[in-house]
Amino acid sequence: MVVPRALTSTPMSPVTPPGGAGVRRLGRTGWRGLFLAKSAAGLIAFLANLYLARTLGGAEFGRYSFTIATLTFLSFCFDFGFFASGARLLAVTDGELEMRGTLGAVWVLLGITSALFILVVLAAGAVMDWVFEDRIGPILRTVAVLAPAMIAPFVVDQVLKACGRVYLYASWIVLNKLLFLVALAVCGVLGSLTASTASAGYLGAGLAALLYVGVAFPPRLSRIAPCIREIAAEQRRFGSHLYAGKTANLLSYNLDKVLIAYFHGPLAVGCYSLAMN
């Protein structure tokens, strides 16, 4: 039987977990940097949407917004509580090697989840053409290989916070949006900016930013199986309950664009997305 590390850690242990120490060491400066990074990313995203709305036009921008909303909606079902469980174990890990081993297991789980997500997106492409009139099915099938970028934030957000890598987390947030802006600029210069290429740019930027995190904070790809068993045990005890509540909340909260697309079409989705941003 695998006993979760979170249950075996002694509360009064003199060894301070790397994650907790990192958070305390950063203090106000690190969290201020994170606030600035999120503010800058929000501004970049707003400017990018303004540019897209003006360049693509209402209907095409609506198709882009609906595509991203659909991928976001589907991605909420693919956390499964494993990433939160892995982050919880990372937060109580006592050594650097052990921490990177758990991180390696999280990356393996991300790879497995990503493969499943690609298949679901491909299947969703056919369903969306049958249910909706917006015809975003071809876009979904085109960008399906890049779709795991929508799952990456679940991992990066929870793992880097648990490990106290706040500066890396802040740089990931900004880099993600900057790369998207660069992708839009390149497509605009080449005259190939469409809902499909904008969606591909959005997802490609996310994957590139995830690769940056993997290089800056490399995992240890040894003892993967024992670490996965630990995460699975923690998922049954903790992650599954968190996943159920969080998924129900996020799915209900993010159903708006799907319903607008069904009842009013892509132009209404585009106007709504721009107003909300």
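1. The side chains of D157 and K161 meet in a salt bridge at 3.2 Å, N to O, the term meaning a side-chain nitrogen of Lys or Arg within 4 Å of a carboxyl oxygen of Asp or Glu. D157 and K161 are four residues apart in helix α7, so about one helical turn separates them. D157 is partly exposed at 23% relative accessible area, and K161 is partly exposed at 32% (buried is under 20%, exposed over 50%, partly exposed in between; 1.4 Å probe, protein chains only).

2. This is a predicted model, in which local features need pLDDT of at least 70 and side-chain atom pairs count only at pLDDT 80 or more, while totals for chains, interfaces and linings use all residues. Residues are numbered from 1 along each chain as its sequence is written, and side-chain values use heavy atoms, with hydrogens and water left out.

3. Helix α7 spans residues 152–162 and is mostly covered, with eight of its eleven residues buried; among them are F154, V156 and L160. Helices here are DSSP runs (H or I, at least four residues), numbered from the N terminus.

4. E234 and R88 form another salt bridge, at 2.6 Å, N to O. E234 lies in helix α10 and R88 in helix α4, so the pair ties together parts that are 146 residues apart in sequence. E234 counts as buried at 0% relative accessibility, whereas R88, at 31%, counts as partly exposed.

5. Leaving aside neighbours within four places in sequence, V121 is in contact (heavy atoms within 4.5 Å) with L71, L74, L140, A144 and A147.

How values were computed: Helix = DSSP H or I, 4+ residues; strand = E, 2+ residues; numbered from the N terminus.
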